[in-house]
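Trainee: I would like to learn how to read a few features of a protein model, beginning with the packing of helices. Could you take me through them one at a time?

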Amino acid sequence: MKKNIIYKFLVAIMLLFSLGACEDYLDINVDPDNPTTATPFQLLPAVQMNMAFTTQDALNRMTSTFVQRLNNFRFEFFALNGGDTNNDWNRMYRTLLNAEDIITIGTEQEQWHYVGVAKILKAYMYSVMVDLFNDVPYTEASLGATNFSAKFDDGAMVYDEAFALLDEGIADLQKESKAVLGATGDDLTYGGDLEKWEKMANTLKLKLLNQIRLADPQRATEGINALLANPDKLIGGNNENFSIPFFNSSAPLNWHPYYQTFHSSKGENDLCTFYDQLLTTNNDPRYPYLIYQQSGAFEGRDPADALTNRGNDDDTKSIFAIYINGGLYDDGGAKAVDATDGTGDAPARLVTYFMRKFIEAEAVLTLPGVSGDAKALLEEAIRASFSDVNVFSVSRGAPEISSEDIDTYVAARLDAYDNATTDAERLEVIMVDKYVALSGNGIESYNDYRRTGFPVLSTPIQPDGPWPLRLPYASDEIESNPNAPTQPLETEPVFWDMN
Amino acid sequence: MPGVSVIIKGTSSGTITDIDGNYRLNAPENAATIVFSYVGFRTAEVEIGSQTVINLSMDVDEQVLNEVVVTAVGIEKNKRSVGYAIENVDGEVLQQRSEPDLVRSLQGKTPGVEIIGNNGAPGSSSSITIRGYSSTGANQPLIVVDGVPFNNDGLLDPVSASANALTGNASYSNRLGDINPNDIENISVLRGASASVLYGSRAANGVILITTKSGKGGKGRKGMSISYSGSYTVEQVQKLPDFQNEYGQGGDFVYDGGFYSTWGPKFSDLDSVPHHYSGAAFADIFPELQGKKVPYQAYPDNVADFYRTGSIIDNSISLTGGNENGSFFASYSRTDHTGFIPGTSFDRNNFGAGGQYELDNGLKFGANLNYMSSQQQSVQAGGGAAGASPVHSQLWYIPRSIDLQGYPYQDPVTGDNVWYRTELDNPIWNAEKNKYRSQVDRVWGNIFAEYNFTDWIKAAYKFGYNNYNEGRRDFIEYSSNIRPSTYNKQGGLLYDEIVNKEFNSNFLLTINRNISNDLNLNVMVGQETNQRQSDRRRTLGTTLITRGIDEMGNTTNQIYDGGGRSKRRLVSLFADVALAYKDMLFFNYQARNDWSSTLPKENRSFFYQGVNASWVFTESFDINNNILSYGKIRVGYGKVGKDASPYNLTSVYVANQAVGNNTSSLQGPYNGISGLVNGAGEGDPNLTPEFTTEIELGTELQFLQGRIGLDFTVYDRNTTDIILLITRPASSGFVQQVTNAGEIDNKGVEIGLNLVPVQTTHFKWDLYTTFTKNNSNVVRLAEGQTQFALGSAFTGDFGSYMIPGKPFGVIQGSAYERTETGEMMINSTTGIPIETQESQVIADPNRDFNMAVINTLSYKGLSFNFMIDFLKGGQYYSATAANMMSRGVLGFTAVDRETPRVIPGVIADPTTRQPLKDENGNNIPNDIQITTGDYYWRGFGSAGPQEGSVYGATVIKLREISLMYNLPSSWLSKTPFGSASLGFSGRNLWFHAPDMPKGSAIDPDNGGGQLLDGVRGFDFAYMPNAKRFSFNLRFTL
């Protein structure tokens, strides 16, 4: 009898224990360490910085190697594969998701200025992706688990969307916003200055229109003319440049990637002899701000030179200098640099005033419907570049380039322009200078070369494949996305490359 | 027979027979019966009556060997009634065998279990798998100690901006190393799913049930006894390469003191060379060496002299006592292990105590508590990529002409690193200054109560608790070249704090009743609740202030380097129904339902079951003769469900996440501004459990009165809906997701064969052979997924993968471009093989089979045994062997070195990757001569395709040897000692790997410092094993 009660009691206990299976006890599967929601001001800093990093890191080294400023043994022989672009493709799309989050959350919360900035950044990123990969996922992208098989949209169509995004973004900046952009220091580029964002968006439009001028000259002409009609809505000076900063900090690591690769982990990269020769031929006073000669003389490599041994040249090879990576100004000191030499805080110069002037010069020269004085624009562009070099370098302790030296150089370049007999030769002068002015921006120079054929590069010595007109798709994307196309040949040009 | 226990029944007084089988016993007046017992023989009881001399002979009890096994949920069962594969390992065979690590001491002793030690650092981890890999993530079996789950984490240095599996350290330990082998009473290995249903989700890969002496309990004899066991071991590096000592540093027979390689001139060709520190770069540090020259000669022992003779001092003392109501046990042991690699050591202290008591009313209760504290110190070990520079990444192939011991290794003023290569650390300096230290403190224990309501209903409750704290300090000294993008040669410290807690509550009700004369029914119903939580925090400090101090306060900048908390709960109900018919036919049904906190609500509850049956056919057909004395067939089917890791259902935002690669990276906060990003992984709100289904068939046979015993099992195991971290296209915004995808098959054979070829009164020769063969196959992955990378830290496409249609964990890398007929394509300009552009499968690390033979010869009190392991098949990628060959340090590279060579193959165009044809349209055999250096270096070595560094992993080794002498009782009768034994043992004394490069001395049974779940089969910086020799002593008082 007593035992009966005990049995019942036991059963009750067991049921009690298993009722612990009741939902409350097991409802503990929420990560205590990471939030599931975020606000736009929390997301904006990493969108900017990761975008800057992606354009300045491996993609920069790759494209800079193609246009023979840099010499990196992984890329100089061409024949790239999906493993080479994996990291950067992944990172760009992850950053695009964050930008999309800002747009979604910002729209809900009516934080329109954040929405506007996010749209502008999204347009920039997609334009870079199309420039490198042509067809990329757009309409079905950034949908998380809802769509793991995004289709690849036409490059031209994505560019169209980018134009639309820029217009929307500009419009959003005009609205009343429930949150002040940059109030918590989250706008690392413009500090919350809405006017500068609008100017940047318009200048970006200018760049994109110029980019497609071979594929759609009519649209390019109309668009460019419309923009040039309102010049105060474009970036008007270097103080309005869209240059996302890096910072002088090793822990946490905030240095410019070129500073890390040339001052910190010094292996892998050399400079290309073509770059040195171009600067030397033109007696360019910017040389010591662009190239630092660790051994006192230029030591670099020829493109795709498989025969010459690399050896241990970390401390004697020539490297990028202060303007490009925040390192040293070359005062002839011939020092084997390390991570204490310099500040490492050169920015990612993505859309700049001097870039604008070069684009205008090119447009005037090549599009009959766009009027202007190409030579004058060329001079403005060159002087703007020198000004930027001076301002940046002087603020970090380097001497400035004297106005006499600048004048001498400008005069020589304008002479070369005058001596050119064809438009192609004139364009070459413009593009050669643009190549130097944009020294830290491999992706832009890679675009410029494909669009114009200038500067005329040297012949790579022993490449493993043809000069790539586009980059391979990331191997992870190809393998895990059932709707991804097969890997295209590197000789397939992007849609705006009609050469 | 010697060693037979002769006890007066009902007391603890008695004796043991001596070598001749004689005994003397003083029996008190009221003594009525004497009990004679000996393992393997039927216990005999003899009435004393009025006899003064009692002699008898004992009968072999063939059916008694391994009679009682500890099965699921700690219940002891008669092995004949168990319908699944189960193996018992007696604690004795793990002890005093020159192996202080519990997991490694199990190698070869039970079929079906594959154990691989990670490397030769003291305290380093081992991986343990049963029946192959059936999932990603934790594939290890559930470890249960005294009825309570025991955490066996082997947390590797994490994937973070500062360190990862390839570049981080690899000397970390796993938590099974916290148990002192001397405390083990018995280990039961349950290999199959049908055995694991009762242990639930975590037992999907098998269960290892450990019973410790402190947990054993049981009614004790009256009185107390103390036992001591100790051993002193010396250890040395297991084997060193066979180096050439004819040529020195340089390339193409030209001397160059800056080269890695030893392709320089013959020693007889050059008299002297500049001292490596005599150049301008060392003018400030060693002014006295400026312009100095040293003789150009070989230093044959420059690698051998790096190592030292290590030692292990192991002492254990324990106390047992009791009376007819209860017993207690207390123990203390200490292991002091100084490794043969300078700068390595492992010290461990274990305290244990336990007891149990039975009240008059039948309530039995008890408790058990253990505390362990260990300190491990090691050198930088592990992958060796991108500036990680572990000690062994260059040690074995430093040039033959460098006097490593004779040169200074540090700046005499500052103590900074000096080496002839400015971007590397001097190996001696590296081992002395860059430290890895780990401190683990662990507590585990349980309390339990049992009550018999009647003689056929019993209830038992056990609550167990397990808690460990580990602090790891990975210290890089100022001026070290390790991880330059993180430390910038200014030193630093990575401090990793890990806290882990677990509790387990288990309630069991057992009903055992004979429902008829022939039929016995046993029903068990149980409820179990388990909670596991962990907390981990890593802090990275950079730029040391004072050299040599490994404390965060001694760094200039500290940043948070990741970590986090996690918590999970599992609530279960289970039942086991067993029917036994006439003690010869047995049927068993098991079922379990789990509720897990880590799955979404609608999928949170999952049910699985198993059934097994066994038939002792020798009983049915009344066969019991001298040929076949025991025969049993068993068959089982089981299904086990497994839940996911916590927090995989939704994506989260992560703060200040680092991005980048090994060349450059970026991490927030940016100029003080923090940023959130979407985490890399998308959640899966529809996650379901993964299920392993298994069918098993086996037989146990005993022939010739126990002279031959066979335990044979075949199984087929299939795991579906594997919870996998799969790659997702980045276009979605996420690059990975934990989801159900994939299916893996494992099929195999397990054999345990016991032979007693010779047995006389005094002498016995026993041969125990284990044979394990497992074939795995990845049936499929997620839809459209062609491969899944295991481990996330490799460069390019090289690494371990799951690929549909291939065995688990094959290695992919660059290969030789070949024609359709398999000939190598040779570059028509260079004479070097052409490397494929895309990665291919180049190695399969899975073994054909693992076999071990344990020979035991015993003569009177002397026992001699040795174990030979034969691990056949599989492939091993050895960057170390390839590097040694490529750098020209191995003996065979000096043979005919001046003679040019031709790589067999056909000439091909490197751009088109097609063979060139002659005028008849045939392939042209390669005739381009290359130097011997290029042949080994670019043809088949480190500069060639990765396929060239893959070698056969077959190895045969003399793993264990021991000689023990049990002192006869006649010698001890006048002393306080009850028993004593002493002897010698040795481990890893010899091995031969026929397919590894000649003289490379690499043992492919070494994890290479890369062991991760499923990632195995290669080394980047091989850290050798130790060979050991011990003197052992044991006695009881």
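Mentor: A crossing of two helices is called left-handed if the near helix is turned anticlockwise from the far one by less than a right angle, and right-handed if the turn is clockwise. Please keep in mind throughout that this is a predicted model.

Trainee: Which hand does the crossing of H4(A) and H18(A) have?

Mentor: In general, two packed helices are described by the angle between their axes and the distance between the axes. Here the axes of helix H4 (residues 58–66) of chain A and helix H18 (residues 442–452) of chain A come within 7 Å and cross at roughly 40°, and the crossing of H4(A) and H18(A) is left-handed. On the H4(A) side the residues in contact are A:Leu59, A:Asn60, A:Thr63, A:Ser64 and A:Phe66, which meet A:Gly442, A:Ile443 and A:Tyr446 in H18(A).

Trainee: Turning to charged side chains, which residue forms a salt bridge with B:Glu99?

Mentor: Side chains of opposite charge can pair when their charged atoms come close. B:Glu99 pairs with B:Arg1028, and the closest N and O atoms of this salt bridge are 3.1 Å apart. Because B:Glu99 lies in the loop between strand S7 (86–90) and helix H1 (102–105) of chain B, while B:Arg1028 lies in strand S56 of chain B, the pair ties together parts that are 929 residues apart in sequence.

Trainee: Which residues form the nonpolar patch on the surface of chain B?

Mentor: The patch is formed by B:Tyr232, B:Val234, B:Ile313, B:Tyr859, B:Leu862, B:Leu963, B:Leu982, B:Phe984, B:Phe1029 and B:Phe1031, with about 850 Å² of accessible area together. Strand S14 (223–237), strand S54 (979–992) and strand S56 (1026–1036) of chain B each give two or more residues to the patch. B:Ile313 is found in strand S19 (residues 310–322) of chain B, and B:Ile313 is partly exposed, with a relative accessible area of 37%.

Methods. Residues numbered from 1 in each chain as written. Chains lettered and ligands numbered in written order. Predicted model: local features only at pLDDT ≥ 70, side-chain atom pairs only at ≥ 80, totals over all residues. Heavy atoms only, no water. Patch = residues over 30% accessible without salt bridge, like charges linked within 9 Å, V, L, I, M, F, W, Y side chains within 5 Å. Areas by Shrake-Rupley, 256 points an atom, 1.4 Å probe, with all protein chains shown as cover. Salt bridge = Lys/Arg side-chain N within 4 Å of Asp/Glu carboxyl O. Helix = DSSP H or I, 4+ residues; strand = E, 2+ residues; numbered from the N terminus. Buried < 20%, exposed > 50% of the residue type's maximum accessible area, 1.4 Å probe, protein only. Axes fitted to C-alpha atoms, helices over the stretch in contact; angles between N-to-C directions. Contact = heavy atoms within 4.5 Å.
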